[in-house]
Structures are given as C-alpha cells and as structure tokens.
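This report describes selected features of a predicted model.

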Amino acid sequence: MTTSFAPTVRTLVPAGVTTVQLVRVAALVMIALHLAFRAWALIPAWFYSDDLRFIEDARGSGLTPDFLFTPHDSQLMPVGVLVSWLVAHAGTYAWGTAALVTLALQAIAAGCCFLMLRTAFGERWAILVPLALFLFSPMGIEGMMWWSAALNALPMQIGSMLLVTCIVKWARDRRLTSAAGAAAAFALAVASGPRGLVTVVPVGLLMMLFLTSGPWWRRPWDVVRQHAVLLLPLIVLGVGYLALYATTTTSPVEASSGAPLTSLAENLIGRAWLPSVVGGPWQWSLVADPVSVPDPPVALLLVAVAVVVVGTATLMWRNPSPTWRALVVLGGQLAATYIALVFGRALQLGALAGLNMRYLADALPVTALAIGLATMPLLVRGAPAFQRPLPAPGDMSRLSTAGLSLGALVVLVSSIVSTVGYVQPWHQQFPARQFIANAVSSLRADPTPVADLEVPELVQLGIHYPSNLPSRILAPYGDIVQTAAAGNELHMLNDAGFSRLAVVEGGTETRPTNEPGCGLRVGTQRSTVTLDRSEMDLFPWTAINYAGSGPGQVAVRADDRALPDIEVAAGPHTYILRTDGAYTTLTLRSRTPGVQMCIDSVRAGKIKALP
C-alpha cells in the first residue's frame with residue numbers, strides 16, 4: 001500500500017535524508033518534549049520528608065568517604081548522597097539547584113534509553129514505541145518528583161540501561177572496552193542503592209535467553225563460560241557491595257507481622273504496573289500530601305487488562321519464542337521488586353507498599369526493553385528469530401496505520417493526564433512546604449524562642465526523630481529559630497508553622513491558698529506544691545502562673561529530681577517547663593536573695609499553641 005505513514009513522512013523531508021536520521025530527529029524531539037513536560041512538573045515542586053533529612057545530614061558533614069558511605073536508613077547510596085551534599089551546600093533549601101540537577105539526570109536517563117534501544121534493535125521507527133513508554137509513562141513520575149526517591153531511581157536507571165547497552169555490544173564484538181563499560185555501569189547502579197543489585201536479574205535472564213546459545217539445561221553454565229571476562233568484574237562488584245552493605249547497614253523496618261503476599265502482588269502488578277503501561281492509572285489517592293498512590297477506576301482497569309492481554313496474546317501468536325523470553329526478562333524484574341518489598345517495606349507498610357510507584361522506577365527501563373525484545377529482532381548473532389515480524393509502516397493499510405496511531409495517541413494523552421494528576425499536589429502548598437514557609441515568616445517577624453517540639457506527621461514523620469524538631473528542620477535558615485526547653489511566656493510553632501504563645505491544658509491543676517493575695521510565697525525557704533500524679537501524662541509540661549518581685553533564679557525539683565532553674569522576671573508571668581517524668585510534689589526555693597515569687601496556680605498537662 002502506498003497510503004502509509006512512512007511514505008507520507010518522506011514527502012515532508014528533503015531528499016537524501018535517511019530513515020536513521022529521521023529516527024534520530026524524532027527521538028530528540030520526543031526527549032525534548034519529555035524534558036519540557038518534566039520541567040513543568042518538577043520546578044514548581046519542593047522538598048518533602050526524607051529530602052529534609054538528606055539536607056540536614058549533608059549540611060553537617062564534609063565531603064569525605066566516611067560521609068558518602070554512611071547509609072541513609074537502609075540505603076547505601078554514595079551517588080545520591082554526593083548529589084544531596086552538592087544541593088545542601090548550594091544554598092538554603094536550594095530547590096532550584098535540586099530541580100536542575102534532577103532534570104539533568106532525567107535527560108541523561110532519556111538519552112541512555114535511546115542508546116540502549118538503538119544499540120539493541122537498530123535505529124528503526126519501532127524503537128520509538130518503547131522510548132515513548134519510558135519518556136511519558138507515569139510509572140517513573142514519583143521516582144523524579146520526590147527528590148530523595150530521584151537520588152536513587154535516576155542514577156540507577158542510567159546505570160541499568162548503560163549495562164544492557166554494554167552487554168549487547170559485548171555480545172557482538174567481545175571487546176574489553178564493552179566489558180569495562182558494563183563494569184562501570186553496574187558500579188553506578190549499585191552505588192545508587194541496594195536495588196541496583198536487582199539489575200542482575202533481568203540482565204542475567206537477557207544473557208541466558210537472548211545472548212547465549214546451547215541446550216537449555218546447559219545454558220547457565222554456557223553463560224558463565226562464554227562471558228567470563230564480562231561477568232567476573234560484575235561478580236566482584238556485587239559481592240563487594242554486599243559485604244560493605246552488611247557491615248554498614250541495618251534495616252530500619254520493624255515488622256509487626258508478615259507481608260500480605262497476595263494483596264501486595266495485586267497492588268504492585270495489577271493496580272500500579274499494569275495500568276501505567278497503557279497510560280494509567282488515571283486517578284490517584286492522596287495518602288500523605290503530596291504523595292499519592294494509584295487508584296484506577298475499575299472500568300478503566302479492566303480495559304487496561306484487556307489491552308495488555310490482547311497485545312501479549314497477539315505477540316505470542318506471531319512470534320512465540322522471542323515473546324515468551326521477553327516476558328521472562330520482565331517477569332524476573334517484577335518478581336525481584338516484589339520479593340524486595342516482601343522482605344522490606346511491606347513488613348512496615350503492608351499491601352500499601354505495592355502502590356508506591358517509586359519502587360517501579362527500576363522496572364520502567366526493563367519494561368521498555370521487554371517491549372523491544374518482543375517486537376523487534378535483537379541485533380546479535382544467534383538471537384531468537386522472528387518468524388512473522390510485525391509489519392513495517394510502509395506495509396500497513398491506511399486503516400491499520402490510523403488504528404495504531406489513534407491507539408498510540410490515546411495512550412500518550414492518558415499518560416499525560418495521569419502524570420498531571422500526580423503532579424498537582426506537589427505544586428500546591430502541601431503541609432511540609434507550608435509549615436516551613438509559615439515558620440520562617442513568623443520567626444522573622446517575632447524571634448521569640450520557641451519550644452523544640454515535634455512537628456506534625458505530615459511535615460516530618462515521627463520515626464525520623466530528632467530530625468522532626470524545628471531546630472533541625474529550620475537549621476538551614478541559620479539562627480532564625482531559637483529554641484528553649486522552658487521559659488516565661490514560652491512560644492511554640494502551631495500545626496501550620498506559626499509561632500504562637502504556648503499554654504498548658506488538661507492534666508491536673510492546683511491553686512495554693514497558703515497566703516491570702518499571694519497563693520504560695522516562694523523565698524529562700526523551700527515551698528512545696530502537691531499535684532495529682534495519676535492525672536498526668538508520662539512526660540507532662542508544667543505551667544507556673546506567678547508574680548515575681550524582680551529578676552532572679554529559683555531552684556525547682558520534681559519529687560527527687562532536680563530541674564533547670566526557673567528564670568524569674570518581675571511582674572506577672574507564666575513559666576512553662578518540661579519535666580522528665582510525672583511527679584507528685586514540686587519544690588521551689590529562691591537562689592537570688594531578696595527575690596520572691598507569688599504562685600497563683602500550677603498545672604501539669606499537655607502543651608499547645610494558642611490560636
């Protein structure tokens with residue numbers, strides 16, 4: 001047929017331009033559009049949760065090997081730690097720098113994907129399909145938007161795709177430069193985090209199923225024998241990383257029970273990976289603002305399942321051998337991701353871990369590769385033959401071309417819609433971003449010291465204590481925040497981040513009546529207040545309403561425990577302090593001759609900020 005896509009394109013370009021050149025231009029245009037879209041998504045966003053911890057750790061450390069190889073939680077990731085150090089020292093919460101570095105890594109990853117596909121399958125029109133999946137699928141969006149996830153995911157993607165590229169080149173030319181390149185790429189992948197080791201699963205299956213010949217029962221040994229020069233450095237690097245990981249890293253995950261195996265698999269494969277292959281999930285559920293998880297509508301999920309099943313069945317019917325091998329490579333990656341979650345985050349998060357898209361960022365390059373393996377001949381001698389190759393654009397009818405073009409357009413639009421849905425909360429004043437902005441403006445206007453109390457969970461998780469204290473979170477702003485454990489008219493940051501006067505509520509209260517008009521007089525002799533210990537929290541705050549005769553110091557004890565001296569001021573005040581446990585008696589004695597207190601009331605309860 002002459003009414004096809006390729007001849008039509010030919011009429012629009014100068015004579016002498018080759019298909020290779022056209023494919024390159026098309027790929028560059030796609031990558032440029034991808035980067036523009038990702039820039040729109042990323043630049044208006046900001047740091048969140050673990051990002052703040054990376055900044056905190058980097059600000060307090062020099063760029064030393066000890067710092068680079070200190071694990072972040074369970075992540076031994078010197079590459080990401082290096083990037084975090086550069087961003088932390090670029091300025092106060094330098095999101096602009098973080099975003100530009102992330103976009104640069106995203107550009108490199110996109111280029112590496114194109115390099116992997118053209119090396120494996122040649123520069124043909126068909127490679128633009130898996131390239132488009134890599135560039136626009138929502139599968140990779142969380143691995144870019146959440147900066148701490150990007151510190152792992154993007155270098156890991158770059159390393160894994162370069163590893164495949166070098167291995168395919170090695171299979172063709174057996175050059176030492178290809179083997180050295182593979183070693184360097186694998187080193188980058190594992191230096192990006194422990195999930196980099198998972199790359200050995202799809203790469204090993206690729207070598208055994210596509211790049212090595214011989215009987216099946218002997219194939220694993222043949223892989224070792226035929227590719228020993230390539231494999232030895234990879235084995236040394238993998239074993240070395242595992243040894244270093246074992247000696248430096250402990251898991252932060254505490255399991256209350258085993259992982260829910262079935263529901264975890266359903267979420268990971270059925271609700272996260274599968275819809276994203278065809279442009280889903282179309283709908284998101286906000287679980288920890290601004291982080292969302294896929295929540296695909298049932299009808300669209302069923303359509304996605306049907307599309308994937310029909311597409312896979314068609315490929316199996318036309319070319320069963322390369323298709324099932326490609327499915328095994330992809331299945332190995334997904335199985336490895338699943339097993340890592342079963343013994344990792346799923347012990348803490350349950351089935352919800354399977355919906356965290358950042359764990360699928362590693363599967364995105366393998367998904368693109370598997371589509372190529374199932375639809376195009378691998379340009380390596382001895383690779384599985386295609387008995388009934390898919391028709392080229394010039395061989396398809398107008399109807400077939402229009403149908404495929406419409407399908408590709410629907411998937412592309414769906415991918416953009418899904419990505420925009422995920423990105424929107426990151427563009428808004430989500431709790432962490434709003435809290436810090438409010439705290440900075442409030443403390444600049446009123447630099448009164450505030451109690452160093454844990455911030456709300458949506459600002460920073462309690463499991464990150466003490467990194468969830470204002471003194472840590474606001475440290476990049478210099479001395480803008482002054483904290484105190486006690487003081488007259490003590491302030492605290494409210495849930496929105498504003499500095500407000502603190503009060504103590506609830507618990508137990510006593511109003512001394514020892515002396516009319518004074519309540520309880522505190523001088524150089526010991527004075528005691530008795531409270532109901534059973535009404536107190538385990539670690540109560542105590543508010544003492546008093547009138548002071550002048551500035552001075554008063555010693556205070558809670559039962560038999562000495563507390564920091566009270567700084568008395570002249571006139572009526574409320575002094576708030578935190579004890580290190582519940583108590584029954586509060587004993588006070590003036591250390592400053594001539595300075596007295598008249599105590600009106602004492603309350604031990606919970607501290608909160610006034611509106």
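## The S1–S2 hairpin

Strands S1 and S2 form a hairpin, with two residues lying between them. S1 covers residues 284–288 and S2 covers residues 291–294; the two run antiparallel and are joined by four bridges. Within this pairing, Ser 285 has Val 293 of S2 as its bridge partner.

## The four-stranded sheet

Four strands make up an open sheet in the order S9-S14-S11-S12, and their pairing is antiparallel. Its edges are strand S9 (527–530) and strand S12 (561–568), each of which pairs on one side only. From one strand to the next, the twist averages 25 degrees.

Strand S11 (residues 552–558) and S12 run antiparallel and are joined by six bridges. Val 554 stands opposite Ile 566 of S12 in this arrangement. In a regular strand, side chains alternate between the two faces of the sheet.

## Nonpolar cores

The largest nonpolar core comprises 139 residues, and Phe 47 and Met 145 are the residues with the most contacts inside it. Beyond its neighbours within four places in sequence, Phe 47 is in contact with Leu 52, Ile 55, Val 87, Tyr 93, Ala 94, Trp 95, Ala 98, Trp 147 and Phe 430.

## Ile 167 in helix H9

Helix H9 (residues 147–173) contains Ile 167. This residue counts as buried because its relative accessibility is 0%, where the cut-off for burial is under 20%. With neighbours up to four places away in sequence set aside, the contacts of Ile 167 are Ala 182, Val 203, Met 207, Leu 211 and Leu 230.

Ala 179 is twelve residues from Ile 167 in sequence, and the C-alpha to C-alpha separation of the two is 7.2 Å.

## Asp 51, a buried charge without a salt bridge

Asp 51 is located in helix H3 (residues 50–59). Which side chain of opposite charge is nearest to Asp 51? That side chain belongs to Arg 358, 9.5 Å away. Asp 51 is buried yet has no salt bridge; a salt bridge would require a side-chain nitrogen of Lys or Arg within 4 Å of a carboxyl oxygen.

Not counting residues up to four places away in sequence, Asp 51 touches Trp 46, Trp 146, Trp 147 and Ser 148.

Note on methods: Residues numbered from 1 in each chain as written. Predicted model: local features only at pLDDT ≥ 70, side-chain atom pairs only at ≥ 80, totals over all residues. Heavy atoms only, no water. Pairing = 2+ DSSP bridges. Core = buried A, V, L, I, M, F, W, Y, C linked by side-chain atoms within 4.5 Å. Buried < 20%, exposed > 50% of the residue type's maximum accessible area, 1.4 Å probe, protein only. Contact = heavy atoms within 4.5 Å. Lys, Arg positive; Asp, Glu negative; His and termini not counted. Axes fitted to C-alpha atoms, helices over the stretch in contact; angles between N-to-C directions.
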